Amino acid sequence: MLKQYIRIIPTVLFLFISTLAWSKPPASAAEFYDAGQYPEAINIYESLIHSGSTNASLFYNLGNAYYRTGARGKAMAALLTAKRLMPRDPDIKANLKYIHEQNVDKLHYQNTDAFWNILLFWQNSLNLKELWQCFLILWCLGFTLMIPVLWQPSWTILNRIGLGAILGASIFLLAFISSLQLEEKWGAVSAAKARIFSGPGGLNTIVFELHEGAPFIVKKKQQSWLQIELSDGKKGWIANSDASFFDVSLRS
């Protein structure tokens, strides 16, 4: 009996090794995307997001995959999230502009007032991590330059530069705190046409309608409804089923 088992072992090992050799590892989202299998790529991207991944490249790729499947509203929402995470990326800006030009509702997806764009430059140019890094660099630089002045008071130029760096650090710190308070979470209409109600529920008054791809700021979530605000100041409630929104915080 033992000899029979020993004779079987090489056959079992051969079958096991053959199985390993012929089995392929799961394809990545990029491989599915390159092969034109966009739904499969979307499933992988979405699973990564649900597991806690929040980098801009992930949302950018997801937005492109959505667009390839004809889901323009979902693509808009994913790219708006990518823009919040990486506000200066030219590819994200270009794709957002391209989709925005196809929208029926010509609503802006950022503040267009020139004065506020200058005053709140960090919201369109820097994310929270970059603001904090600028604050730390200038703060440390300022005090480093001022330390030698304690032994050489005549080095006034270093003292002035150091004070300027500390002042700049204070500005970035205020910008960081303001961004925490003014953090805007954008989404977009994913349905062909969505009714916007005066309250959270279909029995409320319809105040206006939006079409697929229309961007909005999410102000509040209540069960299966989102309270939204548009760039033109209009407010209302939209059903979750008609909207695409990624609840990603820049604080993480």
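At what angle do the axes of helix α5 and helix α6 cross? I found that the axes of α5 (residues 72-85) and α6 (residues 90-100) come within 10 Å and cross at roughly 150°. The axes are lines fitted to C-alpha atoms over the stretch in contact, with angles from 0 to 180 degrees between N-to-C directions. The two helices are therefore roughly antiparallel (over 145 degrees).

Before going on, I noted that this is a predicted model, where local features need pLDDT of at least 70, side-chain atom pairs count only at pLDDT 80 or more, and totals for chains, interfaces and linings use all residues. Residues are numbered from 1 along each chain as its sequence is written, and side-chain values use heavy atoms, leaving out hydrogens and water.

Next I listed the contacts (heavy atoms within 4.5 Å). On the α5 side they include Met76 and Leu79, and on the α6 side Ile92 and Leu96.

Then I turned to the strands, which are DSSP runs of E with at least two residues, while helices are H or I runs of at least four. Strand β4 (residues 215-222) runs antiparallel to β5, with five bridges joining them; pairing takes at least two DSSP bridges. On its other partner, β5 pairs with β6 (residues 235-239), again antiparallel and over five bridges. I followed Leu226 in β5: its bridge partners are Lys221 and, in β6, Ile238.

Last, I checked burial (under 20% relative accessible area, 1.4 Å probe, protein chains only). Four of the five residues of β5 (residues 225-229) are buried, so the rest of the structure largely encloses this strand.

Definitions and conventions: Buried means under 20% relative accessible area, exposed over 50%, partly exposed in between (1.4 Å probe, protein chains only). Angles under 35 degrees count as roughly parallel, over 145 as roughly antiparallel, 65 to 115 as roughly perpendicular and the rest as oblique.
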